[in-house]
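Hello,

Here is the structure we spoke about. Please open it alongside the notes below.

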Amino acid sequence: AARERLKVEQLRNDMQHIRGNIRVFCRVRPTRHDSYQHESTCSYPDEDSLAVTDRDGPVGANGKPALKRFTFDRMYTPKAKQIEIYEDVKPLTMSVLDGYNCCVFAYGQTGTGKTHTMQGPPSDPGITYRAIRDLFETAERAAMHGYLFSFRISVLEIYNERIFDLLVDPRTAQERRKGNKDLPVHIDMQRGVRVEGLTELGVDSTANVLDIIELAQSNRSIGVTSANEHSSRSHLIVTLYVTKDDHATGKQVHGKLHLVDLAGSERQGKALTVGTGALESKHINRSLSALHDVVTSLANKDKHVPYRNSKLTQMLQDSLAGNSKVLMFVMVSSTAEDVKETVSSLHLAKRVKSIELGGAKKGVENEQFNQMLDEHRQITDEHKARIKGLEAQLATALGAARRTQDDRVKKLASAQTKTKQEVSA
């Protein structure tokens, strides 16, 4: 049975690679002790499915609350461990070393464990730490086989529809928040989405990266809601840029890994935020609504996809538009009081799972780039030779013109002299 299961899994992975579907993993947070309704609304019909019971929702033919069932690529119950989850993510994050663009993002209601899954505590780290550690360890081993890797990192947050660079010193970060300046987003034909003025730091070790992320986290916007004492009030995007040089072939490939911790979705009336918090919730929900619209357009294969409706969807455009390996974590609560948000998140995740992006491709290699350079040099040399020829022709023409002019001056001077002599005689 295990062998058949593995075969089915491999076939499913191959099909997903060809079709380019976004993979969707679902993780259920354990029931919170402070919840006034401790009974779980979630059950698990099989290892990849989740059934949700809404006791205040419609009733089935048997007189009991109807079950809503969802199936995903992976299903993690509240008992799932961080290491177990990372092992399923690892094949995707490691493929960045081969020149692929990859994106892992966590979506869900406030307080469902998005930051725990992506970052995690030092004692039980999440995907970001484990992925970076394994990438550096693999790169170090690959050096013995003639491969050289270089890494750069950037960290930004999208707060109230403004992009902030989190790799600046805290004083500069505070000054920028007080001002009205925003970092513009551009689409680069080679690098994809690019944020103008964003700091990119070279890194050479896991410890180096973790120190940088710690600085970034200290600059991030957090707040308090009814659901979470330390709620992230912004979308956090950690990006690792990878360049791989193969000394044997002279080829070079480029990869990019987005690790995205989205701000929590929450109804304003339930979040109980006021003032600045209410404004934050408004922008968060607006950007998540824009993400919902983009997902719907992609699922429907619409000709126009509204990426420009928010900074979040602009930043995710090169991941959602194709040529990337994408993994979505949908984080949900198992408590009865959160069932409406849980079902809403699961419906969005179901729609995301139906999107077909087309198979991801590796970054531009040096061989192709060198061919482009050679063609450019050839054209440049031809233009230089043409210019040199034209300059020679111009010099010849100017020389002839000068000689003609000199002859005319001499003839004129001779004529004037002859005239004077005749007059004198």
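What follows is a short account of what was found.

This is a predicted model, in which local features need pLDDT of at least 70, side-chain atom pairs count only at pLDDT 80 or more, and totals for chains, interfaces and linings use all residues. Residues are numbered from 1 along each chain as its sequence is written, and side-chain values use heavy atoms, with hydrogens and water left out.

**The three-stranded sheet**

Start with an open sheet of 3 strands. The order is β2-β3-β4, and the pairing is antiparallel. Helices (H or I, at least four residues) and strands (E, at least two) are DSSP runs, numbered from the N terminus. Two strands pair if DSSP finds at least two bridges between them. β2 (42–43) and β4 (67–71) are the edge strands; each has a single partner strand, so one side of each has no neighbour in the sheet. β2 pairs with β3 (residues 49–53) over 2 bridges, in the antiparallel sense. Ser43 stands opposite Ala51 in β3.

Helix α11 (residues 339–353) packs on this sheet and touches β3 and β4. Contact here means heavy atoms within 4.5 Å. The direction of α11 makes about 145° with that of β3. Axes are lines fitted to C-alpha atoms, for helices over the stretch in contact, and angles run from 0 to 180 degrees between N-to-C directions.

α11 has 15 residues. From first C-alpha to last it reaches 21 Å, close to the 21 Å expected at 1.5 Å a residue. The expected span is 1.5 Å times one less than the number of residues. Buried residues in α11 include Val339, Val343, Leu346, Ala349 and Val352. Buried means under 20% relative accessible area, exposed over 50%, and partly exposed in between (1.4 Å probe, protein chains only).

**Phe72 and the aromatic pairs**

Phe72 is in the loop between β4 and β5 (74–76). Is Phe72 buried or exposed? Phe72 is buried, at a relative accessible area of 1%. Not counting residues up to four places away in sequence, Phe72 touches Val24, Cys26, Asp48, Leu346, Ala349, Lys350 and Lys353. Leu346 and Ala349 are also on the list of buried residues in α11.

A search of the whole structure finds 7 aromatic pairs. Rings of Phe, Tyr and Trp (its six-membered ring) pair if their centres lie within 6.5 Å; planes under 30 degrees apart count as stacked, over 60 as edge-to-face and the rest as tilted. Phe70 and Phe72 form a stacked pair, 6.4 Å centre to centre with 5° between the planes. Phe70 is buried too, with a relative accessible area of 4%. Ring pairs also link Phe25, Tyr76 and Phe329 into a cluster.

**Charges over rings**

The charged end of Lys244 sits over the ring of Tyr147, 4.6 Å from its centre. The charged end of Lys325 sits over the ring of Tyr100, 4.2 Å from its centre. The test is NZ of Lys or CZ of Arg within 6 Å of the ring centre and within 35 degrees of the ring normal.

**β7 and its partners**

β7 (147–159) runs antiparallel to β14 (residues 235–246), joined by 12 bridges. Val155 has Val238 as its bridge partner in β14. Another 3 bridges join β7 to β11 (residues 201–203), again antiparallel. There, Ile153 is partnered by Leu201. β8 (162–165) is antiparallel to β7 as well, with 4 bridges. Ile158 and Ile163 are bridge partners in that pairing.

The hairpin of β7 and β8 has 2 residues between the strands, and Asn160 takes a positive phi near 50°. Glu161 is partly exposed, at 22% relative accessibility.

**Another positive phi, and one more helix**

Lys301 has phi near 60°, also positive in a residue other than glycine. Lys301 sits in the loop between α8 (276–300) and α9 (311–315). Lys301 is exposed, with a relative accessible area of 64%.

Helix α4 (residues 127–142) has 16 residues and reaches 22 Å from first C-alpha to last, close to the 22 Å expected at 1.5 Å a residue. Its buried residues include Ile127, Ala131, Leu135, Phe136 and Ala142.

Best wishes
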